[in-house]
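Please examine the sequence and the 3D structure shown below.

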Amino acid sequence: MSADTLPLRRIDHVRFFVGNARQSAYFYRNAFGFDVVAYEGLETGVKHEAGYVLRQGHITFVLTSSLRANDPDNMRLIFHGDGVKDIAFEVEDVKYSFDYAVSHGAIGVTPPTKLNDDFGTYEYATIRAYGDTTHSFINRDHYQGVFAPGFKPIDPERYSRSTFRPVGLKAIDHIVANVEEGKMEEWVRWYEHVLGFRQLVHFDDKDISTEYTALMSKVMQNGTGRIKFPINEPAKSKRRSQIDEYLQFYGGPGVQHIALATGNIIETVRAMRANDVSFLRVPQTYYEMLPQRVGPINEDLRELAELGILVDRDDEGYLLQIFTKPVEDRPTLFFEVIERHGSRSFGKGNFKALFEAIEREQALRGTL
Ligand code: FE2
């Protein structure tokens, strides 16, 4: 058993760069049930960007938009549209983490930097990952503020506590990257060398293919096993795969989906549907074959079928999962809601039904 060479405590937050953070915050609050807890912008003395910190359970999202016409980050919107800019890890030692990563091949973006305000010292550093995505190392052990210097608690006039309705999302289960054909192995090695991750599981195109599309995937996890990053690449297929479609519309590699864990997927999905979140649908025949495929489960099959929730079983237990449609007009980032009952896998048994559902959506977009 090797030591955890680069100890990462947890995913601290996921930072999105979006065209209009104010409106995105409204969407994630009212559709996904996040609480808006902090804000940065002109009113807090921040001149270059507006940012909103959203929280539900242990999940923190930061939505940022530029306030300047000539901000180089605005090019992100032209190339990618809205998407994930940074996945930040909480670490004990920012300098050690950054130095370790850079000495093992990472490209530094921001060297270890301390920001101070009345609430203490917040430290961070950033490295490049796939595409225009970055990873930050952050530490706020000596910081008592609401999030980071520049941010203030959200004005209660702006978002009333009385209208905040969480949907039961608790934690980030995994975050999936799409990379170009032939690049998966390179990024697998990058996560091994730079961040001390190891490979958990591997799916090839025989596991993940339909008549039209194929992809390959490897799941990387950190030393504690708490952080899981599957990495997909497209495989040769008859038609354009969903990964190719993503790469085209995102203009390169990036985050494909974020899986959010819930303790009660039926209640969570019911609430999200009531908030007009659109989910992928599999045909009714999926549920006819389900009892035979997964055996006994605690949930009512009719309820799962009504909501379109998928089930898969492995040696350790079972899982329930469902996927939203893309949350932008570009067919790029989407979300997964997952409830685990012992299973630590990713729903391999659902890949075929799921990809056929995605292909039906691609056909509607004319991108299959
Ligand atoms: Fe997933």
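A residue is called buried when its relative accessible area is under 20%, exposed when that area is over 50%, and partly exposed in between (1.4 Å probe, protein chains only). The model is predicted: local features need pLDDT of at least 70 and side-chain atom pairs count only at pLDDT 80 or more, while totals for chains, interfaces and linings use all residues. Residues are numbered from 1 along each chain as its sequence is written, and side-chain values use heavy atoms, with hydrogens and water left out.

**Salt bridges**

Side chains of opposite charge can pair when their charged atoms come close. A salt bridge is counted when a side-chain nitrogen of Lys or Arg lies within 4 Å of a carboxyl oxygen of Asp or Glu. By this rule the count comes to 21 salt bridges. Two of the pairs are given in the table.

| Pair | N to O distance | Relative accessibility |
|---|---|---|
| Glu306 and Arg270 | 3.0 Å | Glu306 44%, Arg270 34% |
| Lys352 and Glu356 | 3.0 Å | Lys352 46%, Glu356 29% |

Helices (H or I, at least four residues) and strands (E, at least two) are DSSP runs, numbered from the N terminus. Glu306 belongs to helix α8 (residues 301-307) and Arg270 to helix α6 (residues 265-274), so their pair ties together parts that are 36 residues apart in sequence. Lys352 and Glu356, by contrast, are four residues apart in helix α9 (residues 351-365), a separation of about one helical turn.

Arg68 and Asp71 also meet in a salt bridge through their side chains, at 3.6 Å from N to O. Here Arg68 is partly exposed at 39%, whereas Asp71 is buried at 10%.

Two strands pair if DSSP finds at least two bridges between them. An open sheet of mixed pairing is formed by eight strands, in the order β11-β12-β13-β10-β14-β17-β16-β15. Its edge strands, β11 (198-203) and β15 (310-314), each pair on one side only. Strand β15 runs antiparallel to β16 (residues 317-323), and five bridges join the two. Within this pairing, Asp312 has Leu319 of β16 as its bridge partner.

Helix α5 (residues 242-250) packs on the sheet, touching β10 (169-178), β12 (215-221), β13 (228-234) and β14 (254-262); contact means heavy atoms within 4.5 Å.

Key. Axes are lines fitted to C-alpha atoms, for helices over the stretch in contact, and angles run from 0 to 180 degrees between N-to-C directions.
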